[in-house]
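Trainee: Could we go through this structure together? I would like to begin with single residues and then move to larger elements.

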Amino acid sequence: MAVKMLLLQKLPAFNSVPERAQFNFMNKHSDQSKSYLDISHRRHRSRQIHNNSNSGGYSIQEFRCGEEMSSSRKMERLVGEFNPEIPVEEAFTPPSSWYTDPDFYGFELDRVFYTGWQAVGYTEQIKEPCNYFTGRLGNIEYIVSRDEEGTLHAFHNVCRHHASLLVAGTGKSSCFACPYHGWTYGLDGSLLKATRITGIKNFKANEMGLVPLKVAIWGPFILINFGVTSNDSHDSEGVGNEWLGDAAQILSANGVDASLQYVCRRTYTLECNWKVFCDNYLDGGYHVPYAHKGLASGLQLDSYSTRMYEKVSVQSCAGITNDSHEENERLGEKAFYAFVYPNFMINRYGPWMDTNLVLPMGPRKCQVIFDYFLEASLVGDSDFIGASLQDSERVQEEDTTLCKGVQQGLESPAYNMGRYSPSIEMAMHHFHCLLHQNLST
């Protein structure tokens with residue numbers, strides 16, 4: 001520790017940490033005080049359990065309150081080490097603790113991921129009545145289903161009896177039967193059968209259905225808002241405005257729509273914090289000529305441009321189309337890369353669209369889910385599809401190595417903060433400012 005402090009004291013970045021922003025951490029959930037998620041995540045903090053004989057007269061509630069205040073002060077300090085008011089030309093990046101600290105990771109899940117719309121899947125997964133798929137974000141397990149009438153639903157994937165997970169993966173079913181004790185739920189979340197409850201009192205079946213989540217569709221994507229319990233449907237235009245802001249029209253105009261056909265999925269597990277992968281995506285093509293020489297051969301990198309919107313940044317680059325190189329055929333005339341805060345990427349190039357969903361799995365681990373879509377006229381061209389996926393796979397392997405190396409560097413006592421390249425890393429700075437906004441609210 002002494003060595004680490006000595007090293008850090010010699011770094012200009014460490015000595016230039018901006019003054020911490022002031023904000024209130026105690027009122028975060030005032031708008032969600034009645035939500036099931038808010039209550040369930042904090043139920044242990046509200047228990048009135050006392051043990052005066054073993055705690056010197058202090059209640060467990062008082063002890064936990066002290067712990068919570070100490071944690072809040074720590075989070076305030078860590079968040080305050082990044083100042084979004086400083087222009088990118090002068091700004092330092094967030095400190096390495098944002099990428100390594102276990103407490104910060106939990107705080108981040110609550111503030112960044114459990115509020116607002118999050119992409120969770122695509123419409124092909126629930127194309128027909130009785131289709132469903134499951135997923136996990138942080139410690140939230142969820143189900144998305146389409147009932148017999150075709151209505152879309154989302155729920156916490158947790159049996160109301162004794163908390164067992166109900167289903168896994170994807171499939172087609174007329175109901176969800178708990179594998180533990182056989183409680184059964186409809187695709188609309190209602191409790192259909194509770195086994196062996198003879199003698200139970202004050203039991204109301206209509207209050208024991210699956211806990212709903214707010215779900216919607218925009219284009220080919222399924223979205224969930226994990227901060228709100230709701231059975232209401234939501235129109236795509238309204239959701240698009242909430243999720244994408246002014247960028248909704250930009251994405252639609254650049255071919256991000258439901259007309260493409262789904263091809264396949266690839267999943268990668270990376271040994272890095274989820275933000276490392278996002279930062280890598282948002283560096284304005286900075287690393288491409290050094291780390292992705294094959295990809296670089298199909299792009300006119302001097303044409304690279306970046307634009308920022310409310311919660312979206314868009315990077316675009318012209319392709320090279322004057323020869324028959326496979327990479328050029330895959331990329332086409334233009335590559336369009338949209339980052340939707342906080343963890344979703346939409347890449348539209350040539351006849352292809354692929355999406356990257358980055359799921360945090362701990363302070364030093366994440367999973368990235370790639371879904372590939374293709375123009376209908378090429379779906380039967382297996383040679384083209386195979387070659388394109390092979391090229392894409394190579395890029396992901398290169399990024400996996402890069403991100404692991406960055407995470408290892410973030411763990412080093414020699415690093416605390418870095419700097420931005422102001423002419424190309426504007427989207428990365430925009431991402432960090434949005435994070436600060438969520439974390440300090």
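Trainee: Is Lys 74 buried, partly exposed or exposed?
Mentor: In this predicted model, Lys 74 counts as partly exposed, because its relative accessibility is 24%.

Trainee: With which residue does Lys 74 form a salt bridge?
Mentor: Its partner is Asp 101, and the closest N and O atoms are 3.1 Å apart. Lys 74 lies in helix 4 (residues 60–79) and Asp 101 in the loop between helix 5 (97–100) and helix 6, so the bridge ties together parts 27 residues apart in sequence.

Trainee: And Asp 101, buried or exposed?
Mentor: Asp 101 counts as buried, because its relative accessibility is 14%, and the cut-off for buried is under 20%.

Trainee: How many salt bridges are there?
Mentor: The count comes to 11. One of them joins the side chains of Glu 108 and Lys 275, at 2.8 Å from N to O. Glu 108 is in helix 6 and Lys 275 in helix 9 (residues 274–281), 167 residues apart, and the pair links distant parts of the chain.

Trainee: What are the relative accessible areas of Glu 108 and Lys 275?
Mentor: Glu 108 has 1% and is buried. Lys 275 has 0% and is buried.

Trainee: What about the salt bridge of Glu 124 and Lys 127; what is its N to O distance?
Mentor: That distance is 3.9 Å. Glu 124 counts as partly exposed at 40% relative accessibility, while Lys 127 counts as exposed at 57%.

Trainee: Which residues do salt bridges with shared partners join into one network?
Mentor: Lys 74, Asp 101 and Asp 103 are joined in this way.

Trainee: Turning to helices, at what angle do the axes of helix 6 and helix 14 cross?
Mentor: The axes of helix 6 (residues 102–113) and helix 14 (residues 426–439) cross at roughly 85 degrees and come within 9 Å. The two helices are therefore roughly perpendicular.

Trainee: Which residues meet there?
Mentor: Helix 6 contributes Phe 104, Phe 107, Glu 108, Arg 111 and Val 112, which meet Leu 435, Asn 438 and Leu 439 of helix 14. By class, this contact has five nonpolar, one polar and two charged residues.

Trainee: Finally, how many helices and strands are in the whole protein?
Mentor: The protein has 14 helices and 17 strands. Of its 441 residues, 51% are buried. The accessible surface is about 21100 Å², with 49% belonging to carbon and sulfur atoms.

Conventions:
Residues are numbered from 1 along each chain as its sequence is written. This is a predicted model: local features need pLDDT of at least 70, side-chain atom pairs count only at pLDDT 80 or more; totals for chains, interfaces and linings use all residues. Side-chain values use heavy atoms; hydrogens and water are left out. Axes are lines fitted to C-alpha atoms, for helices over the stretch in contact, and angles run from 0 to 180 degrees between N-to-C directions. Helices (H or I, at least four residues) and strands (E, at least two) are DSSP runs, numbered from the N terminus. Angles under 35 degrees count as roughly parallel, over 145 as roughly antiparallel, 65 to 115 as roughly perpendicular and the rest as oblique. Contact means heavy atoms within 4.5 Å. Ala, Val, Leu, Ile, Met, Phe, Trp, Tyr, Cys and Pro count as nonpolar, Asp, Glu, Lys and Arg as charged, and the others, Gly among them, as polar. Buried means under 20% relative accessible area, exposed over 50%, partly exposed in between (1.4 Å probe, protein chains only). Accessible areas come from the Shrake-Rupley method with a 1.4 Å probe; for residues, only the protein chains shown count as cover. A salt bridge is a side-chain nitrogen of Lys or Arg within 4 Å of a carboxyl oxygen of Asp or Glu.
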